[in-house]
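Good morning, colleagues. Please take a moment with the sequence and the structure, which I will show now, and then I shall guide you through selected details.

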Amino acid sequence: MESGSCEAAAGAPYIQRAKKVRGGHAEGKTAMDKPAESRMKRLFGFEKEDLSSWHRFVCLLNRPTDPASLGIFRCLFGMLMAMDITQERGLSHLDYKYLDGAPVCRFPLFNFLEPLPMDWMYCVYLVMFLGAVGIMLGCFYRLSCLMFISTYWYIFFLDKTAWNNHSYLYGLIGFQLTLMDANRYWSVDGIRNPKKRNAHVPLWNYTLLRTQIFIVYFIAGVKKLDADWVEGYSMKYLAHHWLFDPFKVILPVELVSLIVVHGGGLILDLTAGYLLFFDATRPVAIFFVSYFHCMNSQLFSIGMFSYTMLATSPLFCYADWPRRFFGSFPEFLQPVLPLVSPSPCPSSSCIYPSPSSSSSEQQDASTHPKPSTPRLRHKMAAIFTIVYITEQFFLPYSHFITQGYNNWTNGLYGYSWDMMVHSRSHQHVKITYKDGVTGEVGYLNPGVFTQSRRWKDHGDMLKQYATCLNHNLPRFNITDAQIYFDIWVSINDRFQQRIFDPRVDIVKADWSPFRPNPWLMPLLVDLSPWRAKFEEIEGTLDNQTEVVFIADFPGLHLENYVSEDLGNTSVQVLQGEVKVEIVEEKMNYTLAPGDKMQLPAGAYHKVYTVSEASSCYMYIYVNTTEAALQKNFTMLLELQEKVRNGTETEPLPPELQPLITGLEDEGSEVNATDPVVRLFLKRQKRLEEKKKRREAPVHERFNRFVTKKYYLIRRGFLMTAIAMRNLAFGLPPLEQLRREVDYANMKAPEEDANQNEPLKDETGHGEL
């Protein structure tokens with residue numbers, strides 16, 4: 001094969017390979033005829049003199065480079081984005097999110113942004129999908145990129161609750177590809193226009209993408225230098241996943257969490273970008289980052305992110321790697337594979353050596369334009385590269401500008417690369433309204449009028465939510481409402497504490513994107529050392545006893561209701577002084593550190609912090625209803641085993657007869673008259689189904705996965721077709737529309753609709 005490219009790129013030495021003809025004879029100069037390369041050129045692909053002046057730097061960034069690797073990445077990225085649109089972007093459930101006329105509170109970045117009518121939103125998604133497919137095929141490439149990024153960023157800015165780092169990364173890569181010549185290899189445009197086919201691309205195309213991926217890894221590693229990550233509190237629960245079972249053979253789960261999950265994640269993120277850059281370390285780096293992303297695809301629901309990052313790794317290899325890779329395939333497959341020869345053609349996007357120093361090889365392509373001096377487009381490309389890379393390094397630390405978006409963590413989650421550094425749990429959320437005219441006080445169901453939970457942690461979203469509630473409540477005869485939020489959050493296993501001041505009417509509260517949020521409560525970081533004590537306390541409890549750790553500010557109180565299921569609940573003070581009021585009894589009890597008191601079930605109580613400093617206390621509770629149910633389940637399981645193995649000699653009473661047929665009888669749980677027996681059989685059936693699915697052969701699991709994805713994607717495209725028909729010809733009769741939607745909602749024939757539903761009769765842990 002003919003590799004044919006004299007390419008140089010950051011991260012790959014600038015090496016002229018000897019070209020071979022089919023008979024194996026070498027053409028051109030051999031390695032012995034060429035001058036020796038410097039160490040810097042072998043390591044970085046350029047000489048230090050290339051940075052000595054602006055002119056030489058522009059020439060460096062616009063140096064001709066093989067388009068093969070960029071073309072393969074373009075194809076993979078477009079394919080992954082087309083798949084992502086039907087899944088994480090939400091095409092398959094778009095009608096649930098943008099249903100016309102539904103009173104839904106939304107959280108756009110700019111308040112003037114609103115979703116289009118539902119059928120037009122399907123049109124937006126269709127344009128985005130066609131853009132992604134166009135990128136994949138390299139067909140009308142520039143137009144396809146514009147179609148993709150314009151609709152993608154519109155949807156991205158339309159909903160801050162869906163923001164995350166990888167969605168932001170997709171938009172950045174789409175923007176970069178719009179400015180690049182990624183359609184010069186294996187593209188429809190190359191077939192349509194021979195001048196574009198297999199033409200050189202400037203080095204800055206690779207430099208931008210490589211630097212972007214380096215930033216993703218490196219800044220993520222820097223953010224993981226946070227004390228919570230280093231000490232193993234951020235992702236503690238991950239160590240219990242089955243993927244880490246091999247490590248648990250030699251290490252206890254605590255060390256797996258600290259060393260493998262947190263230590264390994266920190267080291268990989270900090271070093272991956274550097275290791276991918278150099279030839280000697282690149283194979284090791286590709287192995288570990290591939291293993292890392294494959295694990296992430298199983299650990300988290302992050303859509304196409306893992307596969308997109310896998311697709312970026314080859315960008316760090318020599319730019320002609322696809323030619324060498326596909327050149328090893330049998331010759332009869334070459335017509336359907338990417339080009340392996342001839343050498344890339346000259347391009348006006350690049351800067352070439354002056355004609356006086358050109359080789360005989362360059363003279364062969366004299367019919368193609370070969371700029372030898374920087375033009376305006378080359379200089380603008382160099383300026384853009386510098387500005388963009390500088391901005392990407394700056395933006396993750398720009399939170400001192402957008403201070404209104406800062407909460408306990410800095411900025412809106414999604415552009416800071418602080419991936420998985422903070423985990424949160426919410427214990428208590430209360431929304432109180434007060435009618436501005438009548439003074440009536442009432443409570444709202446948390447999450448009413450919204451489809452997201454992200455507003456609980458972000459002051460900007462809370463302000464938008466309160467404004468939306470104030471707008472919607474008049475239809476329920478609540479006028480000029482004042483809205484108060486009492487939200488309790490634990491971040492990285494700290495105390496549960498308030499994140500926002502519950503005494504502030506958020507509707508009228510001041511908020512600016514450029515000033516600190518005045519009603520944000522501070523994170524009690526001085527209480528972080530208590531986390532070690534939490535582990536000691538939890539270690540002394542049995543499996544049926546739960547504990548919740550609370551911290552509160554002086555002058556505030558927590559109003560709580562203890563469910564009747566929690567028949568054994570107590571509160572114990574760890575620090576500070578509190579006063580406990582039992583509302584129905586109208587009795588107050590003052591508790592000092594170490595004091596403990598029992599709380600009545602089925603009743604409200606209030607815990608006031610009366611000390612000058614913050615108070616810390618814990619609820620210890622047992623779900624007595626569930627404990628009794630588990631005890632009955634254990635007895636029934638033992639009885640069922642005795643019946644099956646023949647050791648039970650006494651006849652069973654009628655209400656226990658369904659235990660004999662057990663799971664073999666489809667209607668056994670229905671025929672059971674005793675509610676405990678019925679619930680036991682339903683649980684056993686569900687556990688048996690889970691076990692069957694978990695132990696299914698690989699081909700069955702793969703078939704189940706493909707079938708699920710097929711019906712998901714199928715629904716998205718059928719609903720899109722319905723929307724396009726509605727836009728073109730108007731709405732059909734309601735009965736026809738219902739039949740069409742029912743057809744789009746069709747599931748796999750063997751799918752059990754109730755298989756993943758929680759048992760409604762089951763008693764779970766009531767929220768304190």
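Let us begin with one arginine: the side chain of R184 makes a polar contact with the side chain of N183, at 2.7 Å. Please bear in mind throughout that this is a predicted model. R184 is found in the loop between α7, residues 165-179, and α8. Is R184 buried or exposed? R184 counts as buried because its relative accessible area is 10%, and the limit for that class is under 20%. Leaving aside residues up to four places away in sequence, R184 touches P67, K196, R197, N198, A199, H200, V201 and S349.

Side chains of opposite charge can pair when their charged atoms come close. In this model the count of salt bridges comes to 31, and I shall present a few of them.

One is formed by R192 and D189, whose closest N and O atoms are 2.8 Å apart. Both residues belong to helix α8, residues 188-192, where they are three residues apart, about one turn of the helix. D189 has a relative accessible area of 2%, and is therefore buried.

How exposed are the two partners, E536 and K533? E536 has a relative accessible area of 51%, so E536 is classed as exposed, since the class begins over 50%. K533, at 38% relative accessibility, is therefore partly exposed.

D552 and R498 meet through their side chains in a salt bridge of 2.7 Å, N to O. This pair links distant parts of the chain, with D552 in strand β9, residues 545-552, and R498 in strand β8, residues 497-498, 54 residues apart. D552 and R498 are both buried.

Salt bridges may also join into a group. Which residues are linked in a network of salt bridges? They are D228, E231, R494 and R531.

Strand β8 brings us to the sheet. Four strands form an open sheet in the order β6-β5-β7-β8, and their pairing is antiparallel. At the edges are β6, residues 441-444, and β8, each of which pairs on one side only. Strand β5, residues 424-434, pairs with β6 in the antiparallel sense over four bridges. To find your place in this pairing, look for T432, which stands opposite Y443 in β6.

W54, L376, M380, I383, I386 and V387 make a nonpolar surface patch of about 570 Å². Which helix gives the most to the nonpolar patch? It is helix α17, residues 376-394, with five residues. L376 is one of the patch residues and has its place in helix α17. L376 is exposed, because its relative accessibility is 63%.

Thank you for your attention.

Definitions and conventions. Residues are numbered from 1 along each chain as its sequence is written. This is a predicted model: local features need pLDDT of at least 70, side-chain atom pairs count only at pLDDT 80 or more; totals for chains, interfaces and linings use all residues. Side-chain values use heavy atoms; hydrogens and water are left out. A salt bridge is a side-chain nitrogen of Lys or Arg within 4 Å of a carboxyl oxygen of Asp or Glu. Helices (H or I, at least four residues) and strands (E, at least two) are DSSP runs, numbered from the N terminus. Buried means under 20% relative accessible area, exposed over 50%, partly exposed in between (1.4 Å probe, protein chains only). Patches are made of residues with over 30% relative accessible area and no salt bridge: like charges are joined within 9 Å, nonpolar side chains (Val, Leu, Ile, Met, Phe, Trp, Tyr) within 5 Å. Accessible areas come from the Shrake-Rupley method with a 1.4 Å probe; for residues, only the protein chains shown count as cover. A polar contact is a pair of N or O atoms within 3.5 Å; within protein, one must be able to donate a hydrogen and the other to accept it, and residues adjacent in sequence count only if both atoms are side-chain atoms. Contact means heavy atoms within 4.5 Å. Two strands pair if DSSP finds at least two bridges between them.
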